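Please look over the sequence and the model shown here before reading on. The report that follows takes up a few places in turn.

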Amino acid sequence: MASPTYKSGRDFTGKTYKSTTMAVFFFLLKVAVLLVSLGHFTVAHNINQKLHTDGGDGVQPLSKIQILRAVNQLHENASVSAYPVLLGTKGADFGWVTVTISSPNPAQDDWVAVFSPAVFNASTCPYNEDYYEPYICTAPIKYKFANYSSADYATTGNSTLSFRLINQRADFSFALFSGGLSNPKLVAVSNNVTFANPKAPLYPRLALGKLWDEMTVTWTSGYNIDEAVPLVEWGLKGEPQSRSPAGTLTFSRRDMCAAPARTVGWRDPGFIHTSFLKDLWPNSVYSYKLGHRLSNGSYVWSKVYSFKSSPYPGQESLQRVIIFGDMGKGERDGSSEAADYQPGALNTTDQLIKDLDNFDIVFHIGDMPYANGYISQWDQFTSQVEPISSVVPYMVASGNHERDTTGTGSFYDTNDAGGECGVPAETMYYVPAENRAKFWYATDYGMFHFCIADTEHDWREGSEQYKFIEKCLASANRHKQPWLIFAAHRVLGYSSNSWYGQEGSFEEPMGRDDMQKLWQRYKVDIAFYGHVHNYERICPIYQNQCVNSEISNYSGTVNGTIHVVVGGGGSHLSDFSTLETVWSIYQDLDFGYTKLTAYNHSSLLLEYMKSSDGKVYDSFTISRDYKDVLACVHDGCEPTTLAT
């Protein structure tokens with residue numbers, strides 16, 4: 001298929017024409033050839049059937065764009081220009097670009113797309129025998145309507161937009177489309193914009209290792225191992241530093257399981273590196289920087305970061321844990337927000353950044369970027385949380401928007417993940433699981449013992465995961481680690497959410513059938529869930545009955561597990577049922593997160609904060625002694641004998 005000429009005077013190869021006459025000649029010639037090619041485009045025998053499935057769920061903002069319908073209507077009097085053309089000259093991993101557009105035929109639904117890589121013509125399309133290659137077969141990484149900051153655009157045809165770009169290992173271009181998102185017509189394309197070092201090591205993600213004295217650091221770069229050797233330089237802050245090697249992973253389009261991840265949503269993820277920093281001193285501040293040793297012996301380094309190592313398991317000290325789910329990603333420049341998909345994501349992120357000195361570890365229990373098959377969004381999410389994940393361990397769980405893809409073995413046979421089938425999540429983030437494709441794991445932090453389940457795989461009695469969960473709960477030494485926490489994405493316990501109410505179960509179907517006897521037997525203190533986009537606290541409960549009449553200050557033997565829904569991290573909110581549930585203590589239809597504070601072995605505080613202001617709106621305490629943990633409760637008694 002022909003490569004059309006851009007109004008900017010450059011073709012897809014980047015060559016600049018030497019005269020206006022020559023430019024016009026090539027423009028007309030290429031358009032003529034393009035029209036012939038478009039015949040194939042319009043008669044492609046099953047492209048119409050693929051438009052919806054390749055686009056994804058119709059909720060993720062990028063899935064609103066029917067990019068396979070795009071046609072070429074390049075206009076010689078339309079223009080798009082972007083400035084500056086070079087970002088990151090002082091090492092920054094983001095930059096602002098001013099985009100100026102001019103159109104002779106403006107309309108209210110004109111929009112500007114950001115493409116990366118900058119070349120997005122048919123030459124970048126993979127061969128697919130199912131249909132003829134369309135003109136554009138890759139979605140942009142973000143977009144804005146042309147009138148976003150110029151209300152009179154439809155009258156004047158002129159607009160100036162500001163885009164915030166992050167380093168994503170490739171150059172960028174900006175394209176003006178008419179026809180709205182449903183019938184896009186390419187009108188003009190800008191010059192290219194790039195970062196000074198597109199391959200730089202970026203977006204570190206800390207996570208606990210499999211041992212208490214181990215921290216892992218994962219990052220993304222453009223360097224494969226045949227170009228450069230990845231490493232971390234690290235050590236106690238202010239002392240001599242040592243170097244540790246890193247492993248390198250990536251994934252390809254063929255690793256994706258369905259559209260749009262395998263089609264219009266595909267974008268090269270770069271290379272993901274993980275290093276294991278071992279034999280850490282407890283409660284100590286370490287500095288580190290990410291590096292790559294090039295073949296010529298020189299080094300490329302990131303900026304210097306720092307983290308505090310974990311306390312020894314059972315150590316009594318102040319320990320603070322943030323838990324939430326379903327945050328998603330936002331755009332600080334206002335891009336791609338027509339769908340109002342994750343309106344609270346940036347508020348939650350910014351409140352956590354503001355409060356960074358007051359917590360030690362984060363658990364994001366599923367539904368991270370809501371990329372839904374648009375792989376570019378993973379870079380943008382890791383960039384968004386980088387101020388947090390580079391300083392404290394950022395532990396994650398698998399949600400339906402990470403894993404569920406039809407016909408791939410997920411417990412729910414849907415395509416909520418847009419064809420990702422768990423691959424980006426398990427590659428981008430390290431978790432101390434035996435098999436990262438099965439996202440369940442156990443981890444310790446001081447006086448806490450965490451059992452993280454994967455609700456996108458079978459958890460019922462007799463399953464592989466059920467055995468893991470029981471082993472994890474049973475392994476907690478409640479004398480050293482009195483605070484036993486269970487967390488999962490979907491609500492396996494209790495929720496007053498509207499759709500659960502319609503089903504009549506107020507839980508994920510089959511959710512607590514088998515789980516509740518484990519929670520009771522092993523005396524789980526609190527169970528956390530996401531998936532439902534609100535906040536709710538449930539009384540200490542067993543078999544649908546509150547087992548403690550206290551509301552805010554629990555003391556002694558609690559008798560049952562407290563269930564907390566914390567799915568209001570940022571994605572669009574979920575309504576509560578109009579039916580009143582007797583076990584619900586506090587409900588809030590707003591964005592927020594929870595914070596656990598263990599003061600010692602006997603005192604625990606939970607607080608719920610709104611993302612809008614960081615203030616506490618709900619809280620409770622548990623105060624008890626070791627004997628209270630050992631006490632016999634209904635279906636939670638150790639066997640005894642009359643023998644002496």
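Which backbone oxygen lies 3.0 Å from a polar atom of the side chain of Ser284? The backbone oxygen of Pro282 lies at that distance. A polar contact is a pair of N or O atoms within 3.5 Å; within protein, one must be able to donate a hydrogen and the other to accept it, and residues adjacent in sequence count only if both atoms are side-chain atoms.

This is a predicted model, in which local features need pLDDT of at least 70 and side-chain atom pairs count only at pLDDT 80 or more, while totals for chains, interfaces and linings use all residues. Residues are numbered from 1 along each chain as its sequence is written, and side-chain values use heavy atoms, with hydrogens and water left out.

**The chain as a whole**

The chain has eleven helices and 34 strands. Helices (H or I, at least four residues) and strands (E, at least two) are DSSP runs, numbered from the N terminus. Of the 644 residues, 59% count as buried. Buried means under 20% relative accessible area, exposed over 50%, and partly exposed in between, with a 1.4 Å probe and protein chains only. The accessible surface of the chain is about 24900 Å², and 51% of it belongs to carbon and sulfur atoms. Such areas come from the Shrake-Rupley method with a 1.4 Å probe; for residues, only the protein chains shown count as cover. Among contacts (heavy atoms within 4.5 Å) with a separation of 6 or more, 72% come from residues 24 or more positions apart.

**Two loop residues**

Ser284 lies in the loop between strand 15 (271-277) and strand 16 (285-294). Ser284 is buried, at a relative accessible area of 16%. Leaving aside neighbours within four places in sequence, Ser284 is in contact with Leu236, Phe307, Lys308 and Ser309. The C-alpha atoms of Ser284 and Ser310 are 7.9 Å apart, although the two residues are 26 residues apart in sequence.

Thr561 is found in the loop between strand 29 and strand 30. Thr561 is also a buried residue, with 2% relative accessibility. The side chain of Thr561 reaches the backbone oxygen of Val524 at 2.8 Å. Not counting residues up to four places away in sequence, Thr561 touches several others, including Trp519, Asp525, Cys539 and Pro540.

**Helix 10**

Is helix 10 largely enclosed or left open, and why? Eight of the eleven residues of helix 10 (residues 511-521) are buried, so this helix is largely enclosed by the rest of the structure. Among the buried ones are Gly511, Met515, Leu518 and Trp519. The cover over them includes helix 8 (464-474), strand 24 (483-488) and strand 30 (562-566). Lys523 follows helix 10 and has a positive phi, near 55°.

Five strands form an open sheet in the order 1-9-8-5-6, with mixed pairing. Strand 1 (71-72) and strand 6 (142-145) stand at the edges with a single partner strand each, so one side of each has no neighbour in the sheet. Two strands pair if DSSP finds at least two bridges between them. Strand 1 pairs with strand 9 (residues 185-189) in the parallel sense over two bridges. Asn72 has Leu186 of strand 9 as its bridge partner.

**Aromatic rings**

The structure holds 31 aromatic pairs. Rings of Phe, Tyr and Trp (its six-membered ring) pair if their centres lie within 6.5 Å; planes under 30 degrees apart count as stacked, over 60 as edge-to-face and the rest as tilted. Two of the pairs are set out below.

| Pair | Centre to centre | Angle of planes | Kind |
|---|---|---|---|
| Trp212 and Tyr312 | 5.0 Å | 85° | edge-to-face |
| Tyr554 and Phe620 | 5.7 Å | 80° | edge-to-face |

Tyr554 lies in strand 29 (residues 553-555) and Phe620 in strand 34 (residues 616-623), so their pair ties together parts 66 residues apart in sequence. Tyr554 is buried at 1% relative accessibility, and Phe620 is buried at 1%. Trp212 is partly exposed at 29% relative accessible area, and Tyr312 is partly exposed at 46%.

Ring pairs also link Trp111, Phe115, Phe120, Tyr143, Phe145 and Phe177 into a cluster.
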